[in-house]
Amino acid sequence: MSQPPQPGEPEGQAPDPGAPQGQPPQQQYQQPYPQQPYQQQGWYGAPQQQPPPSSSNKTVLWVGLGALGLVVIVAVVAITGFVTPGFFLPDSKSETAVAAPSSAPTSSAENTTTQSPVQIPAGRADLPKRTAPLADPTDCAYPADSTGSAPKKANPPAAGPTPAAGTMDVTVKTTAGDIGLTLDRGLAPCTVASFLSLAQQGYFDGTSCHRLGTSGLQMLQCGDPEGSGMGGPGYTIPDEVFPQIKYGRGILAMAKRQAPNSGGSQFFMVFGDAELPPEYTVFGSISDAGLETLDKVARGGVDDSKGPGDGTGPPRIPVTFQSIAVG
């Protein structure tokens with residue numbers, strides 16, 4: 001099932017260890033490597049034979065080595081403390097973990113919320129309207145899905161005349177909270193008939209929403225019993241689109257493949273921005289309480305490690321459908 005579109009540093013050359021003594025290395029290290037090149041004779045090669053130092057030279061040598069060692073120690077400590085915050089100051093999280101080892105760990109969703117807050121617009125988008133109403137009733141057909149992607153088959157609605165006026169309220173009970181939807185037959189009568197039929201067959205029960213987007217395309221996609229984005233009910237529904245369609249907070253729309261008239265059971269609920277072409281059937285709206293549930297899931301964040309690499313993926317707060325009450 002297709003998804004809604006989205007909206008050396010140069011290395012220096014070390015001196016040749018086999019170079020004849022007394023010749024400088026051919027090339028020096030460049031930043032950020034040590035700025036001073038190795039220039040001492042015998043640094044890489046065999047040690048130079050030197051006359052034994054006098055006793056006075058030994059004293060100077062030991063004093064010099066002691067001072068050099070102290071400078072190195074101070075420098076290492078200073079650099080470590082600067083580069084590694086918390087080396088001198090205790091980490092508050094570590095202290096909490098030690099003080100209360102039996103406390104529950106912070107969830108990934110909470111971490112995501114803290115580190116990358118999701119920007120969700122407050123205003124609700126207007127439901128699009130057709131410039132001319134559809135014939136009521138409207139003929140609908142639900143041909144078999146030729147792709148064969150039907151891990152959980154369902155019976156299609158009866159083909160033929162279908163009501164094209166009026167609305168129907170449904171309540172989707174999920175593990176993350178209830179999501180109220182209002183289905184609009186005047187916008188998409190065939191889609192509404194299919195959604196209601198699937199809900200009444202219990203098709204969505206136990207399925208999980210598999211794709212969340214929190215930036216650019218802010219929506220939660222659900223309805224795939226396989227959870228891969230490829231599953232469907234074994235039949236397809238016609239596209240019911242028109243040029244005036246726009247997507248935004250509160251809009252309920254169908255997912256589809258790239259081919260026309262390829263929708264099935266997958267749909268997406270928009271809780272924020274969604275710059276999409278008018279190619280995805282809008283068939284209803286989301287209640288204020290339902291948007292609060294979606295906002296909570298969105299702020300929980302996306303599990304990018306399991307996503308397709310486009311910034312979307314399974315929500316860190318799982319959303320599993322328990323039941324759908326019609327009316």
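## Close-up views of a predicted model

**View 1. The second largest cavity and its lining.** Helix H4 (residues 189–200) supplies four residues to the lining of the second largest cavity, the largest share. The model shown in this and the following views is predicted. The space in the second largest cavity amounts to about 40 Å³. Its lining consists of Thr191, Ser194, Phe195, Leu198, Phe204, Ile237, Met254, Gly264, Ser265 and Phe267. By class, six of the lining residues are nonpolar and four are polar, while none is charged.

**View 2. The open sheet of eight strands.** The strands follow the order E5-E6-E8-E7-E9-E4-E3-E10, and their pairing is antiparallel. Strand E5 (211–213) and strand E10 (321–326) form the edges; each has a single partner strand, so one side of each lacks a neighbour in the sheet. From one strand to the next, the twist averages 25°. Helix H5 (residues 288–300) packs on the sheet and touches strand E4 (177–184), E5, E6, E8 and strand E9 (282–286). The direction of helix H5 makes about 125° with that of E4.

**View 3. Strand E8 and its two partner strands.** Strand E8 (residues 267–274) is mostly covered, with seven of its eight residues buried. Strands of a sheet pair through backbone hydrogen bonds, in either a parallel or an antiparallel manner. Strand E6 (residues 217–222) runs antiparallel to E8 and is joined to it by five bridges. Among the paired residues, Gln221 has Phe268 of E8 as its bridge partner, and Leu217 has Ala274 of E8. Strand E7 (residues 251–254) also pairs with E8 in the antiparallel sense, here over three bridges.

**View 4. The loop between E7 and E8, with Asn261.** Most residues other than glycine have a negative phi. Asn261, although not a glycine, has a positive phi of about 55°. Asn261 lies in the loop between E7 and E8. With a relative accessible area of 40%, Asn261 is partly exposed, because this class lies between the limit for buried, under 20%, and that for exposed, over 50%.

View 5. Most peptide bonds are trans. The bond from Asp136 to Pro137 is cis, with omega near 5°. Pro137 is found in the loop that lies between helix H3 (108–115) and strand E1 (138–140).

Technical notes:
Residues numbered from 1 in each chain as written. Predicted model: local features only at pLDDT ≥ 70, side-chain atom pairs only at ≥ 80, totals over all residues. Heavy atoms only, no water. Buried < 20%, exposed > 50% of the residue type's maximum accessible area, 1.4 Å probe, protein only. Pairing = 2+ DSSP bridges. Axes fitted to C-alpha atoms, helices over the stretch in contact; angles between N-to-C directions. Contact = heavy atoms within 4.5 Å. 1 Å grid on protein atoms, 1.4 Å probe; cavity = no way out; pocket = protein on both sides within 12 Å on 5 of 7 lines; lining within 4 Å. Points joined across faces, edges and corners; volume = space filled by probe spheres on them. Nonpolar A, V, L, I, M, F, W, Y, C, P; charged D, E, K, R; others polar.
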